[in-house]
Amino acid sequence: MLLCGSVLCAVAMAMLGAAFTPTPALASLAVAGLVLFVGAWSASFGPLGWLLASELFPDGTRGRAMTIVSTINWIANLVVSLTFLTLADALGQANAFFLYAGVSAVAVAVVAMYVPETQGRSLGAIRSSVREGPCCTPDKDHADSGDEDDEYDAEGGSDGDRSMNPLFA
């Protein structure tokens, strides 16, 4: 769902860029692009970013991790809000939206390469696939099969989960 939403966000930004090209204004294309973007964001990055982040961290570190996730989210929102008018003045409205379409296309690649599928999988399996992904190498002594959460302590995580994440060591 996140991958589909990121593709639709990129298409919507491209539609908005096309609507603001020097040709006569295409109001209906702008409205369609805006509606598509809001719908795609609301069904993907809006809720799923929070849900995915809360599933990836064990209970013992989830509070601190979600604080960091929330801070990064608000900083990103602030950067977009503060830079859009400057970008629109410097690049033109169409090119500003095309730039955002490019950023959304990068998001498609990042989601496809790094975000694990979570549907129908246990939390242990999700965490294991993240640890084994292209950006992390699991510690052989602490790696679990990922199929069961039995080895997790009462706080919801194993010592291996905490020791493999440099933010929460």
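User: Where does Ser44 lie?

Analyst: Ser44 sits in the loop between α2 (27–43) and α3. Helices (H or I, at least four residues) and strands (E, at least two) are DSSP runs, numbered from the N terminus. Two points on the source. This is a predicted model, in which local features need pLDDT of at least 70 and side-chain atom pairs count only at pLDDT 80 or more, while totals for chains, interfaces and linings use all residues. Residues are numbered from 1 along each chain as its sequence is written, and side-chain values use heavy atoms, with hydrogens and water left out.

User: Is Ser44 buried or exposed?

Analyst: Start with the cut-offs: buried means under 20% relative accessible area, exposed over 50%, and partly exposed in between (1.4 Å probe, protein chains only). Ser44 has 0% relative accessibility, so Ser44 counts as buried.

User: What does Ser44 touch?

Analyst: Contact means heavy atoms within 4.5 Å. Not counting residues up to four places away in sequence, Ser44 touches Met1, Leu2, Gly5, Ser6 and Gly49.

User: How many helices and strands does the protein chain have?

Analyst: The protein chain has 7 helices and 0 strands. From the N terminus on, the order is α-α-α-α-α-α-α. Of its 169 residues, 30% count as buried. Among contacts with a separation of 6 or more, residues 24 or more positions apart account for 57%.

User: Which residues make up the largest nonpolar core?

Analyst: The general idea comes first. In soluble globular proteins, nonpolar side chains tend to be buried together. A nonpolar core here is a set of buried Ala, Val, Leu, Ile, Met, Phe, Trp, Tyr and Cys residues joined through side-chain atoms within 4.5 Å. The largest has 7 residues in all: Met13, Leu16, Ala19, Ala30, Phe97, Tyr100 and Ala101. The elements giving two or more residues to this core are α1 (2–19) and α5 (93–114).

User: What does Tyr100 touch?

Analyst: Tyr100 touches Met13, Val80, Thr83, Phe84 and Leu87, not counting residues up to four places away in sequence.

User: Where is Phe20 found, and what is Phe20 in contact with?

Analyst: Phe20 is in the loop between α1 and α2. With neighbours within four places left aside, Phe20 is in contact with Gln93, Ala94 and Phe97. Phe20 and Phe97 are 77 residues apart in sequence, yet 8.6 Å apart in space, C-alpha to C-alpha. Phe20 has a relative accessible area of 34%, so Phe20 is partly exposed.

User: Which residues are in contact with Met15?

Analyst: Met15 lies in helix α1. Leaving aside neighbours within four places in sequence, Met15 is in contact with Leu29, Ala32, Gly33 and Leu36. The C-alpha atoms of Met15 and Ala30 are separated by 6.7 Å, and these residues are 15 residues apart along the chain. For Gly39, the place is helix α2. The C-alpha atoms of Gly39 and Ala12, 27 residues apart along the chain, are 9.9 Å apart. Gly39 is partly exposed, at 40% relative accessible area.

User: How many salt bridges are there by this rule?

Analyst: Side chains of opposite charge can pair when their charged atoms come close. The rule asks for a side-chain nitrogen of Lys or Arg within 4 Å of a carboxyl oxygen of Asp or Glu. The count comes to 1 salt bridge. Asp59 forms a salt bridge with Arg62, and the closest N and O atoms are 2.4 Å apart. Asp59 and Arg62 are 3 residues apart in helix α4 (residues 59–91), so about one helical turn separates them. Asp59 is partly exposed at 43% relative accessibility, and Arg62 is partly exposed at 22%.

User: What lines the second largest pocket?

Analyst: Rolling a probe the size of a water molecule over the atoms shows where empty space is left. On a 1 Å grid over the protein atoms alone, a pocket is an open set of points where a 1.4 Å probe fits, with protein on both sides within 12 Å along at least five of seven lines; lining residues have an atom within 4 Å of a point. The second largest pocket is lined by 14 residues, of which Met1, Leu2, Pro116, Glu117 and Thr118 lie nearest its centre. The elements giving two or more residues to this lining are α1, α3 (45–56) and α5. α3 gives the most, with 4 residues.
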